[in-house]
Amino acid sequence: MPSESKTQRVLNTMLVVSWIAFIGIMIEAGAILFSYGVSIVNSDAPRVLYPGLGIFESNQFGFGHYTTAVIVLTLISAFQAFVCYLVIQILSKVSLSNPFVLETAKRLKRISYVLMGIWILSVIQYVHLAILSSQTLSLKGDVIPGEYLFVAGLVYIIAQLFKRGIELQAKND
């Protein structure tokens with residue numbers, strides 16, 4: 001039995017970590033939706049069921065604002081899970097003997113677009129909370145998150161490098 005290279009072990013470890021992240025994010029999205037469902041029946045329950053989100057306070061401005069916050073957070077979680085799923089697909093099919101394949105480049109490009117979508121949703125959430133915060137000082141929105149935009153740009157650059165690697169590989173074959 002040939003020994004596994006260090007790179008292959010790292011990729012296998014990252015595959016396991018990606019699965020764990022995917023499952024964890026799906027549980028988080030489910031908890032947000034469950035908490036929202038319970039809040040329809042019992043308006044005080046989400047404060048206890050899923051604390052720390054900072055969206056329950058938006059309920060004081062009306063159920064519509066609370067619903068908007070829940071929808072945006074759920075979409076962010078769903079997009080994050082989709083990114084994990086795409087990473088799982090890449091790591092499951094990567095071949096160290098021929099890593100530059102068009103399928104990987106397309107998935108990397110798709111990941112960059114989904115990360116851009118997460119950034120847009122984060123900005124929407126920030127603006128929504130900022131509007132509510134301007135009405136009262138009880139809500140505090142974080143600064144506009146830039147990390148998703150930065151990572152989206154990095155992944156897009158890597159996707160373009162993969163694409164160029166595919167072109168060079170085809171040219172040499």
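Of the 173 residues in the protein, 34% are buried. The structure is a predicted model. The protein exposes about 10,600 Å², and carbon and sulfur atoms supply 68% of that area. Its secondary structure comprises five helices and zero strands, so that the order of elements from the N terminus is α-α-α-α-α. Among contacts between residues at least 6 apart in sequence, 71% join residues at least 24 apart.

**Nonpolar cores**

The largest nonpolar core has 17 residues, and those with the most contacts inside it include Ile76, Val83, Leu108 and Val155. Helix 3 (63-93), helix 4 and helix 5 each supply at least two residues of this core. Helix 4 provides the largest share, seven residues. Leu108 is in contact with Ile90, Val155, Ile158, Ala159 and Phe162, leaving aside its neighbours within four places in sequence. Apart from this core lies another, of eight residues, with Leu15, Phe22, Cys84 and Leu91 among them.

**Helix 5**

The 26 residues of helix 5 should span 38 Å at 1.5 Å a residue, and this agrees with the 37 Å between its end C-alpha atoms. Buried residues in helix 5 include Ala152, Val155, Ala159, Phe162, Gly165 and Ile166. Phe150, Val151, Leu154, Ile157 and Leu161 form a nonpolar patch on the surface, with about 490 Å² of accessible area together. Leu154, which lies in helix 5, has a relative accessible area of 39% and is therefore partly exposed. An α-helix has 3.6 residues a turn, so residues three or four places apart point the same way.

Pro145 is placed in the loop between helix 4 (102-135) and helix 5 (147-172). Its relative accessible area is 15%, under the 20% limit, so Pro145 counts as buried. Not counting residues up to four places away in sequence, Pro145 touches Trp119 and Ser122. Trp119 and Pro145 are 26 residues apart along the chain, and their C-alpha atoms are separated by 7.0 Å.

**Salt bridges**

Side chains of opposite charge can pair when their charged atoms come close. A search of the whole structure finds three salt bridges, listed below.

| Salt bridge | Closest N and O atoms |
|---|---|
| Lys93 and Glu103 | 3.7 Å |
| Arg107 and Glu103 | 2.6 Å |

Lys93 forms a salt bridge with Glu103. This pair links distant parts of the chain, with Lys93 in helix 3 and Glu103 in helix 4, ten residues apart. Lys93 counts as exposed because its relative accessibility is 54%, whereas Glu103, at 38%, counts as partly exposed. Arg107 and Glu103 are four residues apart in helix 4 and therefore separated by about one helical turn. At 11% relative accessibility, Arg107 counts as buried.

Glu167 and Arg164 are three residues apart in helix 5, so about one helical turn separates them. Both residues are partly exposed: Glu167 has a relative accessible area of 40%, and Arg164 has a relative accessibility of 44%. Salt bridges that share partners join Lys93, Glu103 and Arg107 into one network.

Note on methods. Residues numbered from 1 in each chain as written. Predicted model: local features only at pLDDT ≥ 70, side-chain atom pairs only at ≥ 80, totals over all residues. Heavy atoms only, no water. Buried < 20%, exposed > 50% of the residue type's maximum accessible area, 1.4 Å probe, protein only. Contact = heavy atoms within 4.5 Å. Patch = residues over 30% accessible without salt bridge, like charges linked within 9 Å, V, L, I, M, F, W, Y side chains within 5 Å. Areas by Shrake-Rupley, 256 points an atom, 1.4 Å probe, with all protein chains shown as cover. Salt bridge = Lys/Arg side-chain N within 4 Å of Asp/Glu carboxyl O. Expected span 1.5 Å × (residues − 1). Core = buried A, V, L, I, M, F, W, Y, C linked by side-chain atoms within 4.5 Å.
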